[in-house]
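Notebook open, structure loading. Here is what I looked up today.

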Amino acid sequence: DLTHIDEDVLKSLYQHIVSPEVRQNLGEFYTPDWLAEDLVKHGLGSNPEKTVLDPSCGSGPFLFKTIQYKKNFLIKQGWSKPKILEHILQTVSGLDIHPLAVLISKTNYLLALEDLVSSKENPIIIPVYLSDSLKIPSKTVNLDYSIETYAYHAVSDSFFYFPLSIISNPQYFDKLIELMNSISKQFSIIFEKNKTTYPKRDGPFQKNIDSAFNLLSETHFLKSVNSEKINLTDEESEILIKNIKTLFELIINEQDSIWPYVIRNMYRPLLLSNNKIDLIIGNPPWLGFNKIVNPNYQDFVKQKSKEYGLDIKKKRSQTSSLNLAPLFFCHCSDNYLADSGSIIFVLPESILSASQNVNFLKFEKPQADLKLIYELTDVKPLFRIPSCVLFAKKNSPTKYPVRIRKFSTEGSLDSSNE
């Protein structure tokens, strides 16, 4: 009965669909609901109005428990259901790189909302996105424009550029992406039809494509923007028209037409980094550097690790055994966390003692104060790997005493070990 659930019931489904080998290669170790619930209570406490982000949400247990906690607390405070729904959608979000995990997480998000959905006054977008938390579009300096723009690298020499003024307005941004998607589909249909009619891609083919290219990317786009009552400056319109032309060029080069979907998701980290988060909570990927197959991503992780002093040059073996989890901790707290905000991550226990994590545990970049909440031992069905939970508060003058609470079985606390 989906109207009476209080846990991530789809986690088992995900684990059956995705093989253990694939999940291990992604560094995925899924969190039991009792632990997610305990950490959400710890993070939100008596202030359920905090903004919350899980940057590697998996099937969504932390999002699920966060929504439940907020909903129950705010109902007791006398909030109306439409107000609670709007608050949750604006303050609870997730990111993940696995498409199936994102889909299941969105479903869990809806299940956690329960009867709040029926009180919606407008269409809702579930704020869980297919995106890499470690990759934030870079700010670009373009002398042709006076406004701040951010670039996202597509393929080869193709880039998409978006003004910050548009990215920081989710409602406008989503509408514009939908327009771009609709127009690119129209161009794709014209392209395929002409490709069939003129297989040699001769003069008539090129003439038709050029005509559609210019008509759709400029005249049709601007008419659509006006009909949607989206107010754009001349500079913003010019930048967006260039993006549409880039989409068309990718279609002509047969490098597919799903880029609007990719763009919608990939710019979310930038939006989140510009609207800092009060509580970051989750279980980041426990992926060893030597398990990263893509050489470009290896280089990217190396560079990011150096930025936070995590890449030890003295011993190659140490560098190869670096784990993505500490990098996630540093990157997310540095880029997404508000001053005095809190971060709670489930991490492999080895980070507390491994020599390559000495710099990480200093918490100097970014500056934060550390508290070890749990050391998790023999927890089933949690992990085969010894684990711990780290809590840190950004730019906090308070020094926390380290304390350990050991779990020896599922959900039980041995208070004698505190």
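Which strands does helix α10 (residues 234-252) lie across, and at about what angle does it run to β6? I found that α10 lies across β5 and β6, running at about 160 degrees to β6. (Axes are lines fitted to C-alpha atoms, for helices over the stretch in contact, and angles run from 0 to 180 degrees between N-to-C directions; contact means heavy atoms within 4.5 Å. Helices, H or I with at least four residues, and strands, E with at least two, are DSSP runs numbered from the N terminus.)

Ground rules I jotted down: residues count from 1 along each chain as its sequence is written, and side-chain values use heavy atoms, leaving out hydrogens and water. The model is predicted, so local features need pLDDT of at least 70 and side-chain atom pairs pLDDT 80 or more, while totals for chains, interfaces and linings use all residues.

Next I checked the sheet around those strands. It is an open one of three strands, ordered β4-β5-β6, with antiparallel pairing (two strands pair if DSSP finds at least two bridges between them). β4 (138-140) and β6 (159-163) are the edge strands, each pairing on one side only. Five bridges join β5 (residues 149-153) to β6, and I saw Tyr150 partnered with Phe162 in β6.

Then I moved to β8 (residues 337-348). β8 runs parallel to β7 (residues 277-282), with five bridges, and pairs with β10 (residues 387-394) in the antiparallel sense over seven bridges.
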